[in-house]
Amino acid sequence: MNPCSTTLTQLRDAIAKGEISAVQTAQAYLDRIALHDPTIHAFHETYNERTLERAQQVDDGKITGPLAGVPIAIKDNLCTTFGRTTCSSKILDNFQAPYTATAVAKLEAAGAIVLGKTNMDEFAMGSSTENSARGMTANPWDTTRVPGGSSGGSAAAVAADFAPGALGSDTGGSIRQPAALCGVVGMKPTYGRISRYGLVAFASSLDQIGPFCRSVEDAALLLDAITGHDPLDSTSLNEPVPEHYKTVRQGTPKNLRIGLAKQYMSDANDPALTKAVEQAIEVYKQAGAEIVEVDLPHTEYGIAVYYVVATAEASSNLARYDGIHYGHRTENPDDLVDLYAASRAEGFGEEVKRRIMLGTYVLCSGYYDAYYLRALKVRRLIKNDFEQAFEQCDAILCPTTTGPAFKAGDKTDDPLAMYLNDVYTVNANLSGIPGISLPAGLTDEGLPVAVQLFGSWFDEARLLQIAQVYETATSHQHHRPTMGN
Amino acid sequence: MTQIISEKDARHMAKLSRLKLSDEQIADYTQQLGRVLGYMDKLKELDVTDVEPMAHAMDMTNVLRADEPVEGLSVEESLANAPAQSPPFFKVPKVLGDASGA
């Protein structure tokens with residue numbers, strides 16, 4: 001078998017049965033990355049020696065667990081004591097974290113092997129991975145196009161078969177949108193399901209770690225490994241953890257009700273997206289589901305709320321980069337304040353500075369009520385919309401994006417146009433609900449499109465079951481990009 | 001469109017944010033932030049009089065735990081990434097006197 005072209009679950013099973021060794025698997029992925037990543041630039045760095053050592057330990061039976069020998073790529077905002085953690089920022093260029101993120105530690109405790117760190121928009125601020133101080137990532141389906149963002153490197157890594165699974169973080173769509181544009185599965189769990197300890201903070205009330213992979217079953221397997229309460233993150237949920245994988249294996253849920261909201265079916269959507277959602281509706285009807293119309297009247301306010309809340313939280317979170325404790329420091333400052341201001345100006349990229357300025361503005365006395373407080377109130381209205389909708393349905397079906405991957409450089413001059421990319425993803429973060437993006441075929445030009453399913457709070461296991469109904473009926477996840485050379 | 005923020009506002013934000021920006025950057029940010037804030041004015045369409053603000057997705061209250069000491073980072077680990085250090089301290093330019101920074 002070729003370990004680079006299977007699902008994570010199949011690979012896990014093959015290693016467990018001894019059909020392929022963990023070392024062979026690791027070497028195959030490292031070779032493929034060495035061959036093709038110069039074109040894609042999904043990774044900042046790979047840990048070849050460490051990867052092969054751990055793989056050998058799996059083969060020797062010294063490392064065991066449900067993910068034994070499975071290589072995983074992780075976004076470069078997840079701290080690890082090995083390698084660097086840069087957030088694609090000059091300000092953290094040489095940063096070596098003193099601890100490992102809980103989600104990463106849990107993956108490795110389950111036997112997985114961290115292959116390397118993936119590219120992203122600086123501090124996860126962006127929707128195209130173009131805001132990286134360390135160069136762009138190309139979309140494996142068309143290298144002139146963006147992979148989406150901010151977790152563009154993780155999405156591209158899974159799409160290009162550089163890893164069977166990856167971790168990203170989703171603050172306003174940063175897992176689901178790149179998953180959609182790269183034709184892979186991407187999921188944001190309920191806020192708090194996965195510990196944020198060791199995830200470099202962007203907007204703490206919205207950030208959530210989640211998986212990229214090639215199938216719904218894979219997502220379930222990864223969630224089983226990383227979900228759970230962590231005393232090191234007081235916002236992590238102290239709730240019973242569902243058995244995602246076991247639930248998904250149980251098959252189709254009965255008496256399904258799928259919600260559709262007209263607010264997500266804009267005429268501005270690319271026709272391929274409209275077609276994908278229509279096809280998904282048919283799939284669910286065939287499966288015996290009832291299709292119900294739900295109303296999410298405050299949807300259109302999501303972007304405005306999001307960019308107030310996220311930038312306000314970011315302006316506070318990023319105050320820690322002071323040029324003193326760690327990270328970039330300017331040379332020859334005039335005084336202490338100049339040291340702060342010059343180090344930050346030199347270390348942060350344009351978009352990060354823009355968002356810090358914006359967040360500072362909306363929190364300023366005089367504007368606080370008009371922007372920040374008002375945004376928090378509208379956030380409540382958006383959450384209330386979902387609460388009412390989930391009384392009528394089990395999941396809400398919608399597109400993940402308004403269109404397929406755009407050309408690199410198309411939106412970099414217009415911050416607002418870039419912000420509007422997140423229109424179908426941000427409300428899940430504002431409300432805290434889980435969402436999953438699923439491959440939904442290709443446009444005439446051969447670019448991936450995706451559908452998205454929202455589930456109710458804590459309802460990941462059933463959301464995965466519902467997603468699997470679509471996946472099994474369509475098999476869109478089997479489309480793979482043709483890599484050049 | 002009326003100007004939502006002035007260059008003076010942008011300079012004030014840059015100062016509060018501790019960002020040393022050029023005049024050209026201030027001019028660019030004034031324009032870009034103005035456009036984004038103009039878009040955010042959309043929020044004023046809604047009546048939110050009796051709506052409770054929502055700061056957090058889970059409406060969590062205080063999370064308590066036993067007050068037991070646990071191992072933290074060592075001085076060495078804490079200083080490991082510092083651009084300048086004089087163990088066990090972080091090193092900074094002179095704060096008092098001529099270089100008050102106020």
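**Labels and the values behind them**

Guide: Happy to. Asn429(A) lies in helix 15 of chain A, residues 426-431. Keep in mind that this is a predicted model.

Visitor: Why is Asn429(A) called buried?

Guide: Buried means under 20% relative accessible area. Asn429(A) has 0%, so the label buried applies.

Visitor: Which residues is Asn429(A) in contact with, leaving aside neighbours within four places in sequence?

Guide: The list includes Asp170(A), Thr171(A), Gly172(A), Gly173(A), Arg176(A), Lys188(A) and Arg379(A). Ser205(A) and Leu206(A) are also among them.

Visitor: What makes the pair Asp170(A) and Asn429(A) a polar contact?

Guide: The cut-off for a pair of N or O atoms is 3.5 Å. Here the backbone oxygen of Asp170(A) lies 3.0 Å from a polar atom of the Asn429(A) side chain, so the distance falls within that cut-off.

Visitor: Over to Leu115(A). How do you know whether it is buried or exposed?

Guide: Same test: under 20% is buried and over 50% is exposed. Leu115(A) comes out at 0% relative accessibility, so it counts as buried. Its place is in strand 3 of chain A, residues 113-118.

Visitor: What does Leu115(A) touch, not counting residues up to four places away in sequence?

Guide: Among them are Tyr29(A), Leu30(A), Ile33(A), Phe43(A), Pro71(A), Ile72(A), Phe162(A) and Ala163(A). As for Lys275(A), 160 residues away along the chain, its C-alpha atom is separated from that of Leu115(A) by 37 Å.

Visitor: Which residues of helix 1 of chain A are buried?

Guide: Helix 1 covers residues 8-16, and its buried residues are Leu8(A), Thr9(A), Leu11(A), Arg12(A), Ala14(A) and Ile15(A). An α-helix has 3.6 residues a turn, so residues three or four places apart point the same way.

Visitor: And what do the buried residues of helix 1 of chain A pack against?

Guide: Several elements of chain A: helix 2 (22-40), helix 3 (48-59), strand 2 (71-75), strand 4 (165-170), helix 7 (216-226) and helix 8 (244-249). After helix 1 of chain A comes Gly18(A), with a positive phi near 80°.

Visitor: Let's zoom out. How many helices and strands does chain A have?

Guide: Chain A has 16 helices and 11 strands.

Visitor: And why is chain A called as compact as a globular protein of its length?

Guide: The globule rule gives 23 Å for 485 residues, and the radius of gyration of chain A is 21 Å, which is close to that, so the description holds. Buried residues make up 68% of chain A. Of its contacts between residues at least 6 apart in sequence, 77% join residues at least 24 apart.

Visitor: How does the radius of gyration of chain B sit against a compact globule?

Guide: For 102 residues a compact globule would be near 13 Å, but chain B has 22 Å. Its C-alpha atoms fill a box of roughly 55 × 45 × 25 Å along the principal axes. Buried residues make up 32% of chain B.

Visitor: What is the order of elements in chain B?

Guide: From the N terminus on, α-α-α-β-β, which gives three helices and two strands.

Visitor: Last one: how far apart are the mean positions of the positive and negative charges in each chain?

Guide: In chain B, with 11 positive and 17 negative charges, they are 11 Å apart. In chain A, with 40 positive and 57 negative, they are 3 Å apart.

Terms used
Residues are numbered from 1 along each chain as its sequence is written. Chains are lettered from A and ligands numbered from 1 in the order in which they are written. This is a predicted model: local features need pLDDT of at least 70, side-chain atom pairs count only at pLDDT 80 or more; totals for chains, interfaces and linings use all residues. Side-chain values use heavy atoms; hydrogens and water are left out. Helices (H or I, at least four residues) and strands (E, at least two) are DSSP runs, numbered from the N terminus. Buried means under 20% relative accessible area, exposed over 50%, partly exposed in between (1.4 Å probe, protein chains only). A polar contact is a pair of N or O atoms within 3.5 Å; within protein, one must be able to donate a hydrogen and the other to accept it, and residues adjacent in sequence count only if both atoms are side-chain atoms. Contact means heavy atoms within 4.5 Å. The radius of gyration is taken over C-alpha atoms; the globule rule is 2.2 Å times the number of residues to the power 0.38. Lys and Arg count as positive and Asp and Glu as negative; His and the chain ends are not counted. The place of a charge is taken as NZ of Lys, CZ of Arg, CG of Asp or CD of Glu.
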